[in-house]
Every structure is written in structure tokens, then in C-alpha cells.
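Biologist: I would like to learn how to read a few features of a model. Please take them one at a time, with the general idea before the case.

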Amino acid sequence: MKKYIKIIVIFTIALFITSCSDEYFDVNTPSNATPEADVTLAELMSTTALYTGKMPYLVEKAGIGYYSQNIASKSGGLADESIDQHYEVSLSGTWSTFYLHILPQTNLMESKATAVNALHYRGMAKMMKAIGMSYVLDSWGDMPYSEVDGINLTPVFDSQESAYNAMMTLLNDAVADMTAADTSGQVPGGDDIFYNGDMSKWIKAAHTLMARNAIHLTKAGASAAAANALTHLNMGFTSNADNMQLVYTSRVKNPWHTSVVLTEATSNNYTMVSDQLVDTMDGTSFPFNTVTLDPRLPIYVDNGGAATYKGVDNGDGVETGDNAYFNGNYVTFDMPLPTITYAEAQFMRAEAEFLANGGNATSIGANAAAYQAYQDGIAASMDAVGVSAAAKTAYMADTSIDVSMANLAMKNIMREKIIANWLNPENYNDERRYDFSANVFVGLTLPTDVNPDNGGAWVRRAKLPYSETSRNPNAVAAQQPITTPVWWDM
């Protein structure tokens, strides 16, 4: 991967920035800059994939993981603690990564691929653009898109609904391009750091992503959205081997490892595991019958040899135990960073089957397909993180997990999906869709000392970056209170 990760400086990139701050333009072109005409599809592919694959981390670490109660701040008086307490977070790194890197580079990829009829590269470019859009849309709601043309520095904000439709069109077009015969002679390979040029896996990933987007719309029309999700899931992932994820190396390290694990030894790390996630896994929120804890808990968390695991309370700055550190043996420099996984796909299938057959947030009982997908999701998650066969069998046989088809409820599906998707911002999307319901997310509560300006409400969106609102009047108009739901959450 090293040979492909180059700094590609293209003057047109700056022009694609939506009303960006002056400092974006106040730069000097490095002496080794590659002119736009000389940049190859392979170079664009590898760098764009790197930025695209990092988006889940950027969203989660900058604040969404604190809102969803996946992670928490170790001690008081820090910026992270204010996020714990549900104060505003702008996710500026996510915004700039999309508008500075992903959007301009995918546009250039499309143009170059079209010029030589390299359909597979063009399909991958469209798909990576759609992935980047999904994080912007789910974080902020409305977004600049249709007027982002490289000239207009104060573009209007497209409605989230219209931009969602554009995103789904991109994914459909991407599948068409990647399915078509490509006779250009430009074949993706090692530059594709997701799938090494395997179009069949890209196509499965596109359908699984479309299923995720369909699931987001279940609040507005559960049965229709669930049926749409199932259609795409039937063409999506079939095993963990299909997972769309970046695999890091000793030269390019996993960002969770560098930002959290490497700083633990210096006591400069303040990102720890939330007590609410630990409670979900240690039997507190869901009492076990025969096992004592979820076998993924000691994989995720280093308890320092303590008898029990203690997570950190969100929002009050009180450290409830020094044993809620990320486990450095799991969060290693080469730990894959997933965009979307087979385990998530199975939990989406379980939810979609549950809803399509008349289920809701509080109903009990499912069909055989929903129950099988629920079980398959647990197994896939455990296999992905290295749980032993014996521990997996014991956990899945516990009657608190093996609840039977007749007793399956949404809370069971979401319990396991939250655990499987730890460190993935999709957990926050699920919580918003079900209005942070304690019936669905057992044990989920607002943080202690929550921001009083929110009036007791949950945060439903990020705040737009200051660089945008200070220079674009359309951004000022688009900014909604952080407690206002995004379009699909209404």
C-alpha cells in the first residue's frame, strides 16, 4: 500500500471546497506535486480509498461515539468531557475530508475513467463518493452538493432527502459500471486497498450499503423500507470475507491505535470505553443465565487484571475505574477499520424481517428468517474478533441470547448489533431511528450533567463547522439546533 499513498496536489481540489476558509487556499504547492493531468487512476484510487475508509473513525472519534455512548471521557475539564455532556460538536475533520479529498478526487476519477472507458474505476469512484456523502448526510442532514462546481464558494444546501436520492443513484450507477465488461485495459489491483480489484466484492458492498440506507428510512415507512433493504441484502455480503474495511500496516497504522492505544502509556489518553457499553456486555443490562460475560468484552477492553469490568460514566467526568481502556492486543496498529460488515448485514436482515412481518419496537416474536439472521450476526461478529469456538458456543447457547423465535424482540437484535458495531457511527443512527428508546436499547440513558441547553432532549445531529457558517450565508440558514432530527429521523 505504501507505494500508492502519495500526496496528490491538484489545483482543482481547492476549487471544490464549499465556501471553505481562507487558509485552505493560502498554501504553497510542494515541489514534488503531481500535476492533475499526470495523476493516474491507480494513484487516485488508493488515496481516495484511504480517505473514504477513514470516515467512520473521523465521525466516531470526534463526537458521535460519545453521543451514542460507545466511548467516554476519562476525566473532567477536557473537551471530550463536554462532548460526553452532549455539547455541540462540529466534526470538522469529517467535513473537510469529504470536501477537500473525497469529492474532488472521485470527480476527477470519474472524469479520467470516462475518458478511457475504464468502467470499473468509474464505478468505484461513484461508490466512494456515495460513502462519503452518507457520513455527511447522516451527521448534518442537508449538505451542499448540486452547486458544488469548483467556482461557487457559497453553494446552497441540498435537502437531505434530495441528496439521499442522489447518493442512491450513485450506488446504482456504480453497480452498473462495475457489472459491465471493462475493455479499457486499466484493471484495479493492488491500488484497491479495499478489495484488491475484486469487482464481485465491490458489488456486494454496494448492495449492502444500499440496504443500510434503506434501513435508515424505516422510521417513515417500516414495511416498504424493510422490503427494500431485504432486496439489496439478498445481493449483498455472504460472509466475513466480504467485509469492506481498510487493513493497516506498520507504516500506515490504524487511527484508533495511534490516537488511543499509543497514548495510554503516557497518560495523555482520555478516550475510554463507556459504562453503558460495558453494562450491555457484562450482564448488568441483560442478565446472563450460564455465562458470566460476553466473550468479546475482554477482547475489546483491558481491565487491568481487575475482578470486574467498569466503564466510564458519560458526562460527569467521574472516573469509575481504570480498567476501561481499549485492549491494545485487539486495537492493534493493523486492526482493520470497517466501513460495513457481514455481521451488520445480518442484523439489518434480522431487523428488516422483523419489521416486514409486522414487528415494531416493543413487539415480541419473529419469523424464522429474522431469528436465523440474528444468530448469524452474533456468530459473524464473534468470528471476526477472534472469539474461541467454545466461548462462542457457550454464549450463543445461553438462554438470555438464545431466546427462541417466539421471544425475539427488537431489543435483542439491537443489543447484539450495538456490540458488533462498537466504534461504528451506525450505532448512533440506530439509536436515533428508535428515539433512544430504553425499550430497544436497554440501559441507554442520557449522560450525567447533560447540557441544559438541550432541554432534556438527545442530540440528533452535529453542528456545522465554523469555517462553513462564518463564510456561507446558506450554511447559517441550514444550521438547525443539534436536538432537531435529520430528515430520516423525523
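**Aromatic pairs, loops and helix packing**

Modeller: Counting ring pairs gives 18 aromatic pairs here. The rule is that rings of Phe, Tyr and Trp (its six-membered ring) pair if their centres lie within 6.5 Å; planes under 30 degrees apart are stacked, over 60 edge-to-face, and the rest tilted. This is a predicted model, in which local features need pLDDT of at least 70 and side-chain atom pairs count only at pLDDT 80 or more, while totals for chains, interfaces and linings use all residues. Residues are numbered from 1 along each chain as its sequence is written, and side-chain values use heavy atoms, with hydrogens and water left out.

Biologist: What kind of aromatic pair do Tyr 57 and Trp 256 form?

Modeller: Tyr 57 and Trp 256 are edge-to-face, at 5.0 Å centre to centre with 90° between the planes. Tyr 57 lies in helix H3 (residues 41–67) and Trp 256 in helix H10 (residues 255–264), so the pair ties together parts that are 199 residues apart in sequence. Helices here are DSSP runs (H or I, at least four residues), numbered from the N terminus.

Biologist: Are Tyr 57 and Trp 256 buried or exposed?

Modeller: Buried means under 20% relative accessible area, exposed over 50%, and partly exposed in between, with a 1.4 Å probe and protein chains only. Tyr 57 and Trp 256 are both buried. The two also belong to one aromatic cluster with Tyr 300, Phe 326, Tyr 330 and Trp 422.

Biologist: How should I read a positive phi?

Modeller: Most residues other than glycine have a negative phi. Asn 117 is not a glycine, yet has a positive phi of about 60°. Asn 117 sits in the loop between helix H5 (92–116) and helix H6 (119–140), and is partly exposed at 41% relative accessibility. Ser 404 also has a positive phi, near 85°. The loop that holds Ser 404 runs between helix H15 (389–397) and helix H16 (410–420), and its relative accessibility of 26% makes Ser 404 partly exposed.

Biologist: At what angle do H3 and H5 pack?

Modeller: Axes are lines fitted to C-alpha atoms, for helices over the stretch in contact, and angles run from 0 to 180 degrees between N-to-C directions. For H3 and H5 the angle is about 150° and the axes are 9 Å apart. That makes H3 roughly antiparallel to H5, a term for angles over 145 degrees. Their crossing is left-handed, meaning that the near helix is turned anticlockwise from the far one by less than a right angle. The contact of H3 with H5 involves 13 nonpolar residues, nine polar and one charged. Here Ala, Val, Leu, Ile, Met, Phe, Trp, Tyr, Cys and Pro count as nonpolar, Asp, Glu, Lys and Arg as charged, and the others, Gly among them, as polar.

Biologist: What span does helix H13 reach from its first C-alpha to its last?

Modeller: The expected span of a helix is 1.5 Å times one less than its number of residues. H13 (residues 342–356) has 15 residues and reaches 20 Å, close to the 21 Å expected. Of those 15 residues, 14 are buried, so H13 is largely enclosed by the rest of the structure. Gly 358, with a positive phi near 90°, follows H13.

Biologist: How does H13 pack with helix H14?

Modeller: H13 and H14 (residues 368–385) pack at about 160°, with axes 8 Å apart. H13 is thus roughly antiparallel to H14, and passes H14 in a left-handed crossing.

Key: Helix = DSSP H or I, 4+ residues; strand = E, 2+ residues; numbered from the N terminus. Parallel < 35°, antiparallel > 145°, perpendicular 65-115°, else oblique.
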